[in-house]
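Q: I'm new to this one. Can you walk me through it?

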Amino acid sequence: MQQVKAVVAKAKGAPVELVTINVPDPGPGEAVVKIQACGVCHTDLHYREGGINDEFPFLLGHEAAGVVEAVGADVTSVAPGDFVILNWRAVCGQCRACKRGDLQYCFATHNATQKMTLEDGTELSPALGIGAFAEKTLVAAGQCTKVDPEARPAAVGLLGCGVMAGLGAAINTGGASRGKSVAVIGCGGVGVAAIAGAALAGSSPIIAVDIDAQKLEAARGMGATHTVDSSQLDPVEEIKRICAETYDGADGADIVVEAVGRPETWKQAFYARDLAGTVVLVGVPTPDMKVPDLPLIDVFGRGGALKSSWYGDCLPDRDFPMLVDLYRQGRLDLDAFVTEEIGIDDVEAAFEKMHHGGVLRSVVVL
């Protein structure tokens, strides 16, 4: 066992604290990873606010890259010295989803068996089974995906959550491709990543919708062909107009990615898609949110698909190395997602910046 510094949320809504925690030596199927960088994701704020569950204290951070320091018995997938991106989809291989070949829907993704603790022995709940706002963390070995060690940790670590969620929502869940139009409502880190995914897939037009001019500018930099300020224009009508200009007879986008997670923006996505189009919900709603006044006949009459996207329907072992290779080739600008690099004691300030916009990702660098 070793002691390291880490960021912990001890109570609902209270500021996070930098404390000393105990990290056990890895047991069978586990690995200890020395963290090099970890993005500050909105999901971490959800944990701090009690929006996920009430299993405090939480060890926050989950969007991370680092180097494997030690592995437990029977671990063969990674070894000490490997540069890895951490993931929260360590598939079990045994559940119904895995056995039918749908590993991206694994019902029983696994985490480390042992618990990290506060100095007094209080067990910690690691965010998404990772807990990477720490100098070192204990994870299941299956949560480590080996990638090119020459890649910048602060950039590629973002594939561990937000960037992968957005890219995958467009490509894996939505099926973005050449000849298809894509609209993205909400251009934070996940939404801009969806735009980058649509651009990688060759979709056109790619329409970014937001109320923040800075976010729309960032979206254009990642491949958006059109932007819509929805505080000034009706986004549904604008999406329909732009798509009709490109494809004769189009009555909306083929794929609309909703990256906000609110009922009103989901309804916009629903009505902004073309007939038989696809809506992808990747923004995370709160449990109390409902979509009111949606006529069932409209669901039937418009056809298509209404989907949600968990983690971009990714398979880390398949997707992370490929996307890191694209980054290294200059075809995927992951550096553009890193707004600032901060210290481990600046996480609370990064949470505050989320409320004011202008930041795609603050990244803790250790």
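Q: What kind of model is it?
A: This is a predicted model.

Q: Okay, sheets. In what order do the strands of the six-stranded open sheet run?
A: The order is E13-E12-E11-E14-E15-E16. The pairing is parallel.

Q: Which strands are at the edges there?
A: Strand E13 (226–229) and strand E16 (305–308). Each of these pairs on one side only.

Q: How many degrees are neighbouring strands of this sheet turned against each other?
A: On average 20 degrees, with direction ignored.

Q: Let's zoom in on E11. Which way do its side chains point?
A: Strand E11 covers residues 182–185. Val-182 and Val-184 point one way, while Ala-183 and Ile-185 point the other way.

Q: Why would they alternate?
A: In a regular strand, side chains alternate between the two faces of the sheet.

Q: And are those four buried or exposed?
A: Val-182, Ala-183, Val-184 and Ile-185 are all buried.

Q: How does E11 pair with E12?
A: In the parallel sense, over four bridges. Strand E12 spans residues 206–210. Val-184 sits opposite Ala-208 of E12. Val-182 has Ile-206 as its bridge partner in E12.

Q: Through what does the chain cross from E11 to E12?
A: Through helix H5 (residues 189–201). This β-α-β crossover is right-handed.

Q: What about E14, how many bridges join it to E11?
A: Four bridges, and the two strands run parallel. E14 is residues 253–258.

Q: Is their crossing left-handed or right-handed?
A: The crossing of H4 and H5 is right-handed.

Q: Which residues make the contact?
A: From H4, they include Gly-162, Val-163, Leu-167 and Ile-171. From H5, they include Val-190, Ala-194, Gly-197 and Leu-200.

Q: New topic. What is the strand order in the five-stranded open sheet?
A: E7-E2-E1-E4-E8, with mixed pairing. Strand E7 (117–118) and strand E8 (125–126) stand at the edges. Each has a single partner strand, so one side of each is left without a neighbour in the sheet.

Q: Do E1 and E4 run parallel or antiparallel?
A: Antiparallel, joined by two bridges. E1 is residues 2–9 and E4 is residues 58–59. Ala-9 stands opposite Phe-58 in E4.

Q: Which residues have a positive phi, then?
A: Leu-128 is one of them, at about 50 degrees. Leu-128 is in the loop between E8 and strand E9 (136–140). Asp-313 is another, with phi near 45 degrees. Asp-313 lies in the loop between E16 and helix H10 (316–328).

Q: How do Leu-128 and Asp-313 count, buried or partly exposed?
A: Leu-128 is at 22% relative accessibility, so Leu-128 counts as partly exposed. Asp-313 is at 7%, so Asp-313 counts as buried. The cut-off for buried is under 20%.

Terms used:
Residues numbered from 1 in each chain as written. Predicted model: local features only at pLDDT ≥ 70, side-chain atom pairs only at ≥ 80, totals over all residues. Heavy atoms only, no water. Buried < 20%, exposed > 50% of the residue type's maximum accessible area, 1.4 Å probe, protein only. Pairing = 2+ DSSP bridges. Right-handed = clockwise from strand over helix to strand, strands pointing away. Left-handed = near helix turned anticlockwise from the far one by under 90°. Contact = heavy atoms within 4.5 Å. Axes fitted to C-alpha atoms, helices over the stretch in contact; angles between N-to-C directions.
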